[in-house]
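Have a look at the model below before reading on.

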Amino acid sequence: MVDQTNSSVAMAADYATPTAVKPDLRTRLQNLIPKLVLSPSLALILVFVYGFIIFSVYLSFTGSRILPVYDWVGLENYEKLFRLRHWSIAIKNLGIFAGLYIAVCTAIGLGLAILLDQKIRGEGFLRPIFLYPMALSFIVTGTAWKWFLDPGIGLEHTMHLWGWESFEFNWIKDRNFAIYTVVIAAVWQTSGFVMAMFLAGLRGIDNEILKAAQIDGASNWNMYRRIIIPQLRPAFLSAFVILSHLAIKSYDLVVALTGGGPGRATEVPATFMYSYTFTRNQMGIGASSAVIMLMTIAAIMVPYLYAELREKK
Amino acid sequence: MSVASTDNAISTGRITRAFIYLMLILFATFYLLPFGIMVLNSVKPLSEITGGNMMSLPQVFTLEPWFKAWNSAQIGVEPTGLKPYFWNSLKMVFPAVTISTVLGALNGYVLTKWRFKGDTILFGLMLFACFIPFQIVLIPMARVLGFLGIAGSTPGLVLVHVVYGLGFTTLYFRNYYQVFPTELIRAAQIDGAGFFRIFWRIMLPSSGPIIVVSVIWQFTNIWNDFLFGASFADLDSQPMTVALNNLVSSSTGVKEYNVHFAGAILAALPTLLVYIVAGRYFVRGLMAGSVKG
């Protein structure tokens, strides 16, 4: 639309200035500029994102080890991958981690947003406290929590010193529970951000409807359940999309908090991919694990982005 | 924008209110505790940490751990402290943030005010690029950086961060410019203003809030990145996060917790500072037009 008006406007401008000798060329140049401006970014994305994805997908069908080689081995890497116990641990851990992380972050985020929305005194003081962990690197978060949860020196030790001798909290050293410490640290880091998203949603709700419902005698509980929370659907959706893609990508936090251990107890696909590709020299298998990660994220993101972009047109 | 009605029609009783404040204070403690204790213990001598209570105030106040973390702590093989890595991070962050923000602004301008056939698809392609797991690009990126002769260097990292930040900056500016009145652009065109003149004189002067969002977002993301730094940097270009991880996870000698904490806080300081100074605008801008348009 703008395109057409643009060319006619450019022509009008040319009529106004008789010095323009070749109006056609100028118009064409004017129309070309926006595309020229967009093209470097587009080229970067096409090569470095989509080109690279194609390359990695191709590698996952080759027998590459230390360096890429281009012999086609079919689905062999995928068959090997899904037979590896190491990979099934990583998948199971991601399931536990992502499920809990998304659920707990959403619950805390929504809860805090509702509490903060009750005309709280000191909201301006509390909000940044809830939000600041988002500014930290996962390496910093991991360092802080690794030590805080260390039974020999952190929370458990402190409770013992305070006289609660039977207090026990050694999850980070326990193979069966270590993955939950990753959840705790990750929730600590992002739940404030989810709160901000819900708070923005709450602030956007029309008060007239609520006042009308109040006059009809609706209780607070019912107003939240029937009117307010259903209206937060978009916030729920974006929270889910953001949290799930963060969960699948999460790498730094695991490295800093547990290093994938104890043993392989907190291995996730991201750490698996890194160690198979760069330290175990099984590049083909590493690439196939990355492809699985990409497909998981695409399964969530593509429908979401498609719906978002269609709506806007 | 969602600031329309800050008021809430819900009214609450006194007991409910007491409960609300209690919960909020509990959560504030949860968020403050790990980092706060880290700050507290970074000014204690090591003996007080290993032998004492992490919650107690320092009996001897010392800034020694901070100096050591900055100047002389063992990082990898060299006892350089975190100082050189801090500069590495800065040298990487500034160009990467600037370039990706400028490109994002231009892209957003084109995609909203100079629309052409297929632009939504192109934008969709750029947007999806934000969310890919970076594991999928690690192997080819290592090859390409080597091929370009910038493997293990700061320019290499800048390129990586520009490429994978572009989607986000474009998204921010596109959503922001979408509600910008197109009539103004048309009027300027009638007056004979061209593509860049309109951008420079009309779009940019009113882009303050979204530039803040884009800069904060890119700054925190790039400063906090670990994966790319760990994969593509060598000793001369390693960013702060990688150095901090080396410091904390080194297994040789006594674990100097106080030095680790001081180091972690040093690594967190720039982003915290940015957040404290401009965080308010960030959240506001992010909510105005980001992931949820």
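What follows covers the chain contact, a helix pair, some annotated spans and one methionine. Keep in mind that this is a predicted model.

Let's start with the interface. Chain A puts 93 residues into the contact and chain B puts in 84. On the chain B side, the residues touching chain A split into 55 nonpolar, 24 polar and 5 charged.

By class, the contact of H7(B) with H10(B) has 8 nonpolar, 6 polar and no charged residues. If you want to find it on screen, H7(B) brings His161(B), Gly165(B), Phe168(B), Thr169(B), Tyr172(B), Phe173(B) and Tyr176(B) to the contact. From H10(B), the partners are Ile210(B), Val213(B), Ser214(B), Trp217(B), Gln218(B), Asn221(B) and Ile222(B).

Next, the annotation. An unreviewed UniProt entry lists "transmembrane region" for residues 18–40, 92–110, 122–145, 157–177, 198–219 and 259–283 of chain B.

| Span (chain B) | End C-alpha distance | Helix | Strand |
|---|---|---|---|
| residues 92–110 | 27 Å | 100% helix | 0% strand |
| residues 198–219 | 28 Å | 82% helix | 0% strand |

Met203(B) is worth a stop of its own. It sits in helix H9(B), residues 195–203. Is Met203(B) buried or exposed? It has 22 C-beta neighbours inside 10 Å, so Met203(B) counts as buried. Leaving out residues up to four places away in sequence, Met203(B) touches Tyr109(B), Tyr177(B) and Ile198(B). Phe180(B) is 23 residues from Met203(B) in sequence, while their C-alpha atoms are 8.4 Å apart in space.

One more helix to finish. Which residues of H12(B) are buried? They are Met240(B), Thr241(B), Val242(B), Ala243(B), Leu244(B), Asn245(B), Leu247(B) and Val248(B). That makes 8 of the 10 residues in H12(B), which spans residues 240–249, so this helix is largely enclosed by the rest of the structure.

Methods:
Residues are numbered from 1 along each chain as its sequence is written. Chains are lettered from A and ligands numbered from 1 in the order in which they are written. This is a predicted model: local features need pLDDT of at least 70, side-chain atom pairs count only at pLDDT 80 or more; totals for chains, interfaces and linings use all residues. Two residues are in contact if their C-beta atoms, placed from the backbone, lie within 7 Å. Ala, Val, Leu, Ile, Met, Phe, Trp, Tyr, Cys and Pro count as nonpolar, Asp, Glu, Lys and Arg as charged, and the others, Gly among them, as polar. Helices (H or I, at least four residues) and strands (E, at least two) are DSSP runs, numbered from the N terminus. A residue is buried if 20 or more other C-beta atoms lie within 10 Å of its own, exposed if 12 or fewer, and partly exposed in between; C-beta atoms are placed from the backbone. UniProt positions are given in the numbering used here, feature names are shortened, and annotations may be inferred rather than shown by experiment.
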